[in-house]
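This report describes a single protein chain and how its parts are held together. The sequence and the model are shown first, and the notes follow.

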Amino acid sequence: MLSSRKTYRKDNLRDVEKVFNDGICNIYVANERVLGNSKGKFYFANESVGIGHFYQAYNNNISIDRAIAIPLNDISIDTQDVVLLEGIWYKIARIQYKDNKKPRHWILSLQRSPFNYMEVNNANN
């Protein structure tokens, strides 16, 4: 029998609250292949992509390569933004708001970008 190792005890913080300790990602505004302003750096937690969501996106010609969770904040993030994660550029395919979890967070479904982005300063030269 499989065990999830969840204890359901209130004194074990990992059973009560989500932790964002898998790394740091950068989110940028992007216009075509040119980067705009940085929206910020966020700690993230790796998430799993459900089979239903994966095939629904696949049927719409979107490949979901990765999913991450970032803490809720006052910065607006939309699907036109790009994410730099471990040296790889990703486009945001879907944003899910999880308000029934502690702490409240966003789950970003990411699609690997086929090209790199240029900074604004380099594009004007």
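Glu-47 counts as partly exposed because its relative accessibility is 24%, where buried means under 20% relative accessible area, exposed over 50%, and partly exposed in between (1.4 Å probe, protein chains only). Lys-18 is partly exposed as well, at a relative accessible area of 25%. These two residues form a salt bridge in which the closest N and O atoms are 2.6 Å apart; the term stands for a side-chain nitrogen of Lys or Arg within 4 Å of a carboxyl oxygen of Asp or Glu. Distant parts of the chain are linked by this pair, 29 residues apart: Glu-47 belongs to strand 2, and Lys-18 to the loop between helix 1 (13-16) and strand 1.

## Basis of the values

The model is predicted, so local features need pLDDT of at least 70 and side-chain atom pairs count only at pLDDT 80 or more, while totals for chains, interfaces and linings use all residues. Residues are numbered from 1 along each chain as its sequence is written, and side-chain values use heavy atoms, with hydrogens and water left out.

## Overall layout

The chain contains 3 helices and 6 strands. Helices (H or I, at least four residues) and strands (E, at least two) are DSSP runs, numbered from the N terminus. Along the sequence their order is α-β-β-α-β-β-β-β-α.

Of the 125 residues in the chain, 30% are buried. Among contacts (heavy atoms within 4.5 Å) with a separation of 6 or more, 55% are between residues 24 or more positions apart. The chain exposes about 8800 Å², of which carbon and sulfur atoms supply 46%; accessible areas come from the Shrake-Rupley method with a 1.4 Å probe, and for residues only the protein chains shown count as cover.

## Strand pairing

Two strands are taken as paired if DSSP finds at least two bridges between them. Strand 1 and strand 2 are antiparallel, with 8 bridges, and Asn-26 has Lys-41 in strand 2 as its bridge partner. The hairpin of these strands has 2 residues between them, and Glu-32 in the turn has a positive phi of about 55°. Strand 1 also runs antiparallel to strand 4, through 4 bridges; here Ile-27 is partnered by Val-83.

Strand 4 is joined to strand 5 by 4 bridges, again antiparallel, and Val-82 is partnered by Lys-91. Their hairpin has 2 residues between the strands, and in it Glu-86 takes a positive phi near 55°. Strand 5 and strand 6 pair antiparallel over 8 bridges, with Lys-98 opposite His-105. A hairpin of 6 residues joins strand 5 to strand 6.

## Nonpolar cores

A nonpolar core is a set of buried Ala, Val, Leu, Ile, Met, Phe, Trp, Tyr and Cys residues joined through side-chain atoms within 4.5 Å. The largest one has 14 residues, and those with the most contacts inside it are Cys-25, Ile-68, Ile-70, Val-83, Leu-85, Leu-108 and Leu-110. Strand 1 (23-31), strand 2 (34-47), strand 3 (66-71), strand 4 (81-85), strand 5 (88-98) and strand 6 (105-112) each give at least two residues to this core. Strand 6 supplies the largest share, 3 residues.

Leaving aside residues up to four places away in sequence, Cys-25 touches residues including Phe-42, Phe-44, Ile-68, Ile-70, Val-83 and Leu-85. A second, separate core has 6 residues, among them Ala-30, Val-82, Trp-89 and Tyr-117.

## Other salt bridges

The structure holds 3 salt bridges. One of them joins Asp-81 and Lys-39, with the closest N and O atoms 2.8 Å apart. Asp-81 is in strand 4 and Lys-39 in strand 2, so this pair ties together parts 42 residues apart in sequence. Both Asp-81 and Lys-39 are buried.

Arg-66 and Glu-86 also meet through their side chains in a salt bridge (3.2 Å, N to O). The pair connects distant parts of the chain, 20 residues apart, with Arg-66 in strand 3 and Glu-86 in the loop between strand 4 and strand 5. Arg-66 counts as buried at 16% relative accessibility, whereas Glu-86 is exposed at a relative accessible area of 57%.

## An exposed loop residue

Asn-116 lies in the loop between strand 6 and helix 3 (120-123) and is exposed, with a relative accessible area of 58%. Not counting residues up to four places away in sequence, Asn-116 touches Arg-33 and Trp-89.
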